[in-house]
Amino acid sequence: MMEENITRIHIGEKEFILIGTAHVSKQSAEQVKEVIEAERPDSVCVELDEQRFESIRDGDRWKNTDIFEVIKSKKASLLLVNLAISSFQKKMAKQFGIQAGQEMIQGIESAEKTGAELVLADRNIQITFARIWGNIGFKGKAKLLLSIIYGIFSKEEISEEELEKLKTQDMLDGMLQDMTDSFPTLKKPLIDERDQYLAHSIKHAPGNKVVAVLGAAHVPGIKEEIHKEHDLKKLTERPKKSKAPKIIGWTIPLLILSVIVYTFFSNPAAGTQQTISWILWNGSFSALGTAVALAHPLAVVTAFIMAPITSLNPLIAAGWFAGIVQAYFRRPNVGDFDTLSDDVTSVKGFWNNKVTRILLVVVLANLGSSLGTFIGGADVIRLFIRNL
């Protein structure tokens with residue numbers, strides 16, 4: 001049995017066998033099968049949470065998605081980001097002719113075959129996303145999103161030999177250092193905290209022999225953290241939301257409304273001019289964003305009408321209305337959900353699939369409306385000052 005990429009740790013009577021894998025590597029999946037069948041462990045820990053485990057078991061989960069519910073529950077942007085992040089891994093897996101996460105699937109199957117207890121060892125993915133998003137600031141968010149977009153649409157390919165090198169310690173240390181340099185606040189919630197959570201789960205897995213199937217990036221941290229005790233309650237807390245966005249979200253509309261109302265009383269003609277400016281800037285930019293998403297004409301009209309209204313109420317958004325209209329006239333069918341995982345690996349697929357088209361309509365209409373709010377608001381203030 002190959003010992004490369006395998007780390008053995010002994011604590012008391014328990015033996016822990018960590019397999020460092022690359023998530024889209026054929027050799028990783030084969031090694032997982034070989035190790036579990038040779039070692040016959042009491043438990044097999046996999047780097048999955050309940051949500052990702054269910055998504056692996058239910059390959060047709062997208063068919064049951066209620067797109068209207070996604071929009072109404074304000075999850076369109078989150079779903080779009082999730083699809084975007086998974087597309088990069090999917091694209092590499094497609095390049096090598098395997099299924100993304102094959103080593104985790106192999107871990108599940110081998111655990112069942114050998115009678116080992118399966119342990120879902122990772123932290124809930126939504127909590128990880130929330131802790132990342134809540135701690136990287138506005139600049140970090142923008143930089144991260146640009147990196148994700150670049151990763152999706154980049155045509156650059158890597159060889160399987162290069163992919164295998166990602167599992168060596170020297171290369172891994174270099175990757176982590178690069179990530180720390182680019183996103184200094186990203187490493188803690190994405191790697192360090194999950195190292196602690198995974199280490200706790202592995203350490204407390206049933207039996208005296210435990211095999212853990214892990215992404216190689218986590219192995220160095222787990223080797224250290226497994227000897228410590230960790231507070232899972234602290235590791236699973238969602239960050240407190242800042243009150244600043246809410247305050248700004250209400251302050252700007254109230255300021256704009258107050259300026260327009262005051263101007264109407266002092267100079268009705270100028271007040272009318274302000275109102276028209278607000279409507280045109282808001283409506284036009286939101287409609288433009290919707291049009292860029294190649295939305296149905298009525299969805300574009302809806303964005304234009306609703307943006308000036310919703311921009312004055314932070315509790316609602318133009319994109320929701322435009323998205324619902326888009327979903328009504330271009331409702332996704334079973335085929336769209338069947339091809340969704342493949343379509344998100346290309347720009348053309350993102351725009352052609354009816355599911356992602358709806359999500360793009362929601363996001364781009366909202367972005368356009370936000371831009372229109374700042375430009376329209378600035379023009380309202382300009383007209384106010386000019387007519388003092």
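## A greasy patch on the surface

Helix α15 gives the largest share of the nonpolar patch, 4 residues. The patch is made up of Leu 298, Val 301, Ile 305, Ile 309, Tyr 328 and Phe 329, with about 600 Å² of accessible area together. At least two residues come from each of α15 (297-310) and α16 (318-329). Ile 309 sits in α15 and is partly exposed, at 49% relative accessible area (buried is under 20%, exposed over 50%, partly exposed in between, using a 1.4 Å probe and protein chains only).

Patch members have over 30% relative accessible area and no salt bridge, with nonpolar side chains (Val, Leu, Ile, Met, Phe, Trp, Tyr) joined within 5 Å and like charges within 9 Å. A salt bridge here puts a side-chain nitrogen of Lys or Arg within 4 Å of a carboxyl oxygen of Asp or Glu.

## About the model

This is a predicted model: local features need pLDDT of at least 70 and side-chain atom pairs 80 or more, while totals for chains, interfaces and linings use all residues. Residues are numbered from 1 along each chain as its sequence is written, and side-chain values use heavy atoms, leaving out hydrogens and water.

## Arg 123, tucked into a loop

Arg 123 lies in the loop between β4 (117-120) and α6 (125-133). Buried or exposed, with a relative accessible area of 1%? Arg 123 is buried.

Beyond its neighbours within four places in sequence, Arg 123 is in contact (heavy atoms within 4.5 Å) with residues including Asp 49, Glu 193 and Tyr 197. Arg 123 and Tyr 197 are 74 residues apart in sequence, yet 6.5 Å apart in space, C-alpha to C-alpha.

Notes: Areas by Shrake-Rupley, 256 points an atom, 1.4 Å probe, with all protein chains shown as cover.
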